[in-house]
Amino acid sequence: MARPIAASASRRSPTGRRRERDGGQVLVLFALSITVLFGAAGLAFDIGRFYSERRFLQNAADAAALAAANALIRGETDAQADIRAREVLTENFLHSPNGVAPTSKLRANRSLRSQSITGASRSTRACRSKR
């Protein structure tokens, strides 16, 4: 009765040494495995970033909606509530969820907008007080 040949014995020569052509298999498997591992890690990172950005945008939109509702409750007009909501939305968008500070160009735009909005709000309040 013949004995079954073990799997490891089929890769070895009759003298017990490994065959030369089998030596590179580990390198190929490692290269393929590391590629798949890096792909999975990148996908996990991207998905996490997507959810973080989505949460950031939803929080900013909710804060703007609450600011507009609060302005309407205080008795301000629809236009003033819209301005207040846009101010809050702009303020929330200045702080990026990835921790990068906004550029000076963005800060300059913010200061110009706040000056124009403040001027418009003052003129609106002045008109209301004259009535």
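Q: What does Arg74 form a salt bridge with?
A: Arg74 pairs with Glu76, and the closest N and O atoms are 2.9 Å apart. A salt bridge here is a side-chain nitrogen of Lys or Arg within 4 Å of a carboxyl oxygen of Asp or Glu. This is a predicted model, so local features need pLDDT of at least 70 and side-chain atom pairs count only at pLDDT 80 or more, while totals for chains, interfaces and linings use all residues. Residues are numbered from 1 along each chain as its sequence is written, and side-chain values use heavy atoms, with hydrogens and water left out.

Q: How many salt bridges does a search of the whole structure find?
A: Four. One of them joins Arg86 to Asp82, with the closest N and O atoms 2.9 Å apart. Another is between the side chains of Glu87 and Arg84, at 3.1 Å from N to O.

Q: Where do Arg86 and Asp82 lie?
A: Both lie in helix H3, four residues apart, about one turn of the helix. Glu87 and Arg84 are also both in H3, three residues apart, again about one turn. Helices (H or I, at least four residues) and strands (E, at least two) are DSSP runs, numbered from the N terminus.

Q: How exposed is Arg86?
A: Arg86 is exposed, with a relative accessible area of 53%.

Q: Switching topic. Which residues of H3 are buried?
A: Gln80, Ala81, Ala85 and Val88. They cover an arc of only 140° around the axis, which puts them on the same side of H3. The arc is that of the directions from the helix axis to the C-beta atoms.

Q: And which residues of H2 are buried?
A: Phe56, Ala60, Ala64, Ala67, Ala68 and Ala71. The buried residues of H2 pack against H3.

Q: What makes up the largest nonpolar core?
A: Five residues in all: Ala64, Ala68, Ala71, Ala81 and Ala85. The elements giving two or more residues to this core are H2 and helix H3 (78-93), and H2 gives the most, with three residues. A nonpolar core means a set of buried Ala, Val, Leu, Ile, Met, Phe, Trp, Tyr and Cys residues joined through side-chain atoms within 4.5 Å.

Q: What does Ala81 touch?
A: Leaving out residues up to four places away in sequence, Ala81 touches Ala68, Ala71, Leu72 and Glu76. A contact means heavy atoms within 4.5 Å.

Q: What should the 49 residues of H2 span?
A: At 1.5 Å a residue they should span 72 Å, and the end C-alpha atoms of H2 are 72 Å apart, which agrees. The expected span is 1.5 Å times one less than the number of residues in the helix.

Q: What follows H2?
A: Gly75, whose phi is positive, near 95°.

Q: Overall, what is the secondary structure of the protein chain?
A: Four helices and zero strands. Of its 131 residues, 11% count as buried.

Q: Last one: what is the mean pLDDT of the chain?
A: The mean is 76, and 58% of the residues reach 70 or more. Over residues 120-131 the pLDDT is below 50, and beyond near neighbours in sequence this stretch has four contacts in the model. pLDDT is the predictor's confidence in each residue, from 0 to 100. Where pLDDT is low, the predicted coordinates should not be read in detail.

How values were computed: Buried < 20%, exposed > 50% of the residue type's maximum accessible area, 1.4 Å probe, protein only.
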